Amino acid sequence: AILAGSTSTNGGNNTGWIFGAATYTWAGTTSTSWGISSNWDLGAVPGSTDTAIIADVVNDPLLAANTLVSTLTINSGAILNLNNYTLTVTNIFTNNGIVTASGSGTPITAGTLTTSNPSSSITYTGANNAVSVDVAGGTYGSLIINGPSDIFNLVGNIIVQSNLTITTGILSAGARTITVAGNWSNSGGFSAGTSIVTFNGNNPSIISGANTFYRLTCTTGGKTLSFASGVTQTVTNLLTLTGAAGSLITLSRNGGSGQWYLNAPLSTSANYVSVANSYSTNPITANNSNNAGNNNNWNFGSVAYSGGSFEGGFTPGAYDSVAVGSGTMTLSGVTNYQSLNINSGASLNLAGYNFSGNLTNSGNLILRGDETITGTITHAPGSTVTYTGTSAYNTLRAGSSYQNLEFSGNGTWRPDAA
């Protein structure tokens, strides 16, 4: 083919001529070299005004020189190796395949870096020589940093649809924002600067390695964040965890035993979270949240019950404290809480089911009389206990000392059993 250039005119009826910008598709017919004309479907190498498409073929392309194109698309399954050269895409660089960017400086420059394939990846390998490497801003499938002794600097905000992996080298975030939907794996180094790291997406995220974040945020209800046991995650400026009623953010241990450690500021904001196996260096108050057990320095307060439902939108567990604020809470099965408070004007009906936990009654406790209450029972001034059973009972299960005691059923009780 003959490249006529942008100043030429196609007068018609021409064969083997290319006028102006064109779209070139990689065929890899001859070799793996980007710079050989026969490797492209049009028989020429794309230039600065052209669009290049890298197809999934046997011979994957290697750059043979610093390269400039207008638009670049790497198809799913296709592979491009920059081969220590630079790639500049003045408009849109869409990577749906696999890219390896080696060398120092700025290996990738793009007007817009994006992907429509979360399984795609770009790996920055640096030069393994204590060099500085620029990491392009934009949207990645997965981002992999793997350059021993090199420093990789974010030059723009990034969105990672799958996983961010720091195998070796240091990822320096500066003042950028990093949004990750998948896992965060750090066996190299992370320099947070004043960056904001946000976890989003519907799939669970595993955070591995000891990390120091400046700001760490998750506001995606239903998201699960898992942390390695025995490893400390540090947040120096602000930790924000905000789920939603009925859609808590879960903070859990990833494998192993024992606890995962968190060193976060006193200004931490935690709402609508479920936490298990966590040791916090500083006290954290988690409102409308679930204590899933084995936590230290987390204050979950009470889970409020009113209007026939729990205000947090979740069912409390054995480590939670519950407050019946208004109306009547009726048990539907054997129930185990850390503690339960019946507020003045509210009622708890055991309805024949056993209860385990410390119980404080400032309202009305209703029971048949054959239930078992395991834990301390406190009847505050003004409170009432109502027995509704219809059988014969030889004990009063709610204790021996009452403020107000009522019997509304036709059962019989031994008065000396109290």
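Predicted model: local features only at pLDDT ≥ 70, side-chain atom pairs only at ≥ 80, totals over all residues.
**Stop 1: the cavity**

Select L216, L225, F227, Q233, L239, L241, L251, W260 and L262, which line the largest cavity. The space inside amounts to about 60 Å³. Colour the lining by residue class: eight residues are nonpolar, one is polar and no charged residue takes part.

Now switch to a cartoon view and show the strands. Which elements give two or more residues to the lining of the largest cavity? They are β23 (224-228), β24 (232-242) and β26 (260-263). Of the elements, β24 gives the most, with three residues.

**Stop 2: the largest nonpolar core**

Next, select L72, Y124, L164, I178, W184 and F190. These belong to the largest nonpolar core, which has 67 residues, and they touch the most other members. Then highlight strand β14 (residues 142-154), the source of the largest share of this core, at four residues.

**Stop 3: another core**

Move on to L248, V322, A398 and Y402. They are among the 28 residues of another core, which lies apart from the largest one.

**Stop 4: the salt bridge**

How many salt bridges does the structure count? The count comes to one. Select D370 and R368, the two partners, and draw a distance between their closest N and O atoms: the value is 2.8 Å.

**Stop 5: T335**

Finally, select T335, which lies in strand β36 (residues 335-342). Show its side chain together with the backbone of G333: the T335 side chain reaches the backbone oxygen of G333 at 2.9 Å. Is T335 buried or exposed? T335 is buried, since its relative accessible area is 11% and the cut-off for buried is under 20%.

**Selections to keep**

- Cavity lining, including Q233 and W260
- Salt bridge, D370 with R368
- T335 side chain with the G333 backbone oxygen

Methods. Residues numbered from 1 in each chain as written. Heavy atoms only, no water. Core = buried A, V, L, I, M, F, W, Y, C linked by side-chain atoms within 4.5 Å. Buried < 20%, exposed > 50% of the residue type's maximum accessible area, 1.4 Å probe, protein only. Salt bridge = Lys/Arg side-chain N within 4 Å of Asp/Glu carboxyl O. 1 Å grid on protein atoms, 1.4 Å probe; cavity = no way out; pocket = protein on both sides within 12 Å on 5 of 7 lines; lining within 4 Å. Points joined across faces, edges and corners; volume = space filled by probe spheres on them. Nonpolar A, V, L, I, M, F, W, Y, C, P; charged D, E, K, R; others polar. Polar contact = N/O pair within 3.5 Å; in protein donor to acceptor, adjacent residues only side chain to side chain.
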